[in-house]
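I opened this notebook to keep track of what I looked up. The entries follow the order of my reading.

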Amino acid sequence: MAGQTARHVGVVVHRVLQRITAEGMDAPGGVRIRSSSSTHRALLAALGVPQAPLTDAVERLEQAVLNTIGSERGRWLFAAGHSRARQEYALTGYVDGRLVNIKIDRTFVDADGVRWIIDYKTGTHEGGDIDKFLREEEQRYRPQLARYAALMHTLESRPIRAALFYPLITDGWREWPAD
């Protein structure tokens with residue numbers, strides 16, 4: 001999928017997951033997602049996705065959301081029982097003497113008192129060695145999530161774990177301590 005179209009798919013996946021979070025994971029999932037295809041198509045078109053890849057873009061968007069709500073990991077990520085949970089959480093502050101503006105895809109405090117900072121990615125990986133791909137992605141995004149954790153540490157002192165979540169990749173999860 002072309003770069004700009006893939007980015008637009010990611011934007012709409014974030015919106016849909018934010019809506020699901022607001023409504024709760026117990027709301028009817030798969031049927032509702034598929035019945036919203038025309039809305040998803042309109043959102044993607046409004047962002048500038050050309051007509052030719054639109055059907056594939058809608059399918060990818062819906063598969064990412066269905067994989068999220070249909071997986072144990074996704075249900076844990078969006079469980080209502082987490083405290084201090086936020087979606088698309090915007091923060092501004094100083095990290096290493098520089099003013100930064102960030103937006104955390106998903107954050108919450110789990111039952112053990114650990115703050116989680118999760119960045120979801122709607123990319124896929126063609127070919128083998130998923131573990132190698134995820135290790136490389138961790139290295140790529142580690143500095144970004146370290147900034148997020150540093151800014152979060154200005155607000156609270158609890159332990160922080162960072163994670164990448166790829167709903168379109170089987171076992172597409174990578175986590176590490178972020179403090």
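Predicted model: local features only at pLDDT ≥ 70, side-chain atom pairs only at ≥ 80, totals over all residues.

**Entry 1, hairpins.** I began with the hairpin of E2 and E3, which has five residues between the strands. Gly-113 takes a positive phi there, near 85 degrees. E2 and E3 pair in the antiparallel sense, over four bridges. I noted two places along this pairing: Val-109 has Arg-115 in E3 as its bridge partner, and Arg-106 stands opposite Ile-118 in E3.

I then went to strand E1 (residues 83-95) and strand E2 (residues 98-109), which are antiparallel and share 10 bridges. Gly-93 has Val-100 in E2 as its bridge partner. The hairpin of E1 and E2 has two residues between the strands, and Asp-96 takes a positive phi near 55 degrees in it.

**Entry 2, the sheet.** In what order do the five strands of the open sheet stand? I read the order as E1-E2-E3-E4-E5, and the pairing is mixed. E1 and E5 are the edge strands with a single partner strand each, so one side of each has no neighbour in the sheet. From one strand to the next, the twist averages 30 degrees.

I looked up the aromatic pairs and found seven in the structure. One of them joins Trp-76 and Trp-116, with 5.1 Å centre to centre and 85 degrees between the planes, which is edge-to-face. Trp-76 belongs to helix H5 (residues 72-77) and Trp-116 to strand E3 (residues 115-120), so this pair ties together parts that are 40 residues apart in sequence. Are the two residues buried or exposed? Trp-76 is partly exposed, at a relative accessible area of 28%, while Trp-116 has 5% and counts as buried.

I turned next to Phe-133 and Tyr-166. Their ring centres are 5.8 Å apart and their planes stand at 70 degrees; planes over 60 degrees apart count as edge-to-face, so this pair is edge-to-face. Phe-133 lies in helix H6 (residues 130-153), and Tyr-166 lies in the loop between strand E4 (160-165) and strand E5 (173-177). The pair therefore ties together parts that are 33 residues apart in sequence. Both Phe-133 and Tyr-166 are buried.

I also noted a cluster, in which ring pairs link Trp-76, Phe-108, Trp-116, Phe-165 and Trp-173.

The charged end of Lys-121 sits over the ring of Tyr-141, 3.7 Å from the ring centre.

Which residues touch the most other members of the largest nonpolar core? I found Leu-44, Leu-61 and Ile-118, in a core of 26 residues. Helix H1 (3-23), helix H4 (51-70), E3 and E4 each give two or more residues to this core. H4 gives the largest share, eight residues.

I then listed the contacts of Leu-61, leaving aside its neighbours within four places in sequence: Val-9, Val-12, Val-13, Val-16, His-40 and Leu-44.

Technical notes. Residues numbered from 1 in each chain as written. Heavy atoms only, no water. Phe/Tyr/Trp six-rings, centres within 6.5 Å; stacked < 30°, edge-to-face > 60°. Buried < 20%, exposed > 50% of the residue type's maximum accessible area, 1.4 Å probe, protein only. Lys NZ or Arg CZ within 6 Å of the ring centre and 35° of its normal. Core = buried A, V, L, I, M, F, W, Y, C linked by side-chain atoms within 4.5 Å. Contact = heavy atoms within 4.5 Å. Pairing = 2+ DSSP bridges. Axes fitted to C-alpha atoms, helices over the stretch in contact; angles between N-to-C directions.
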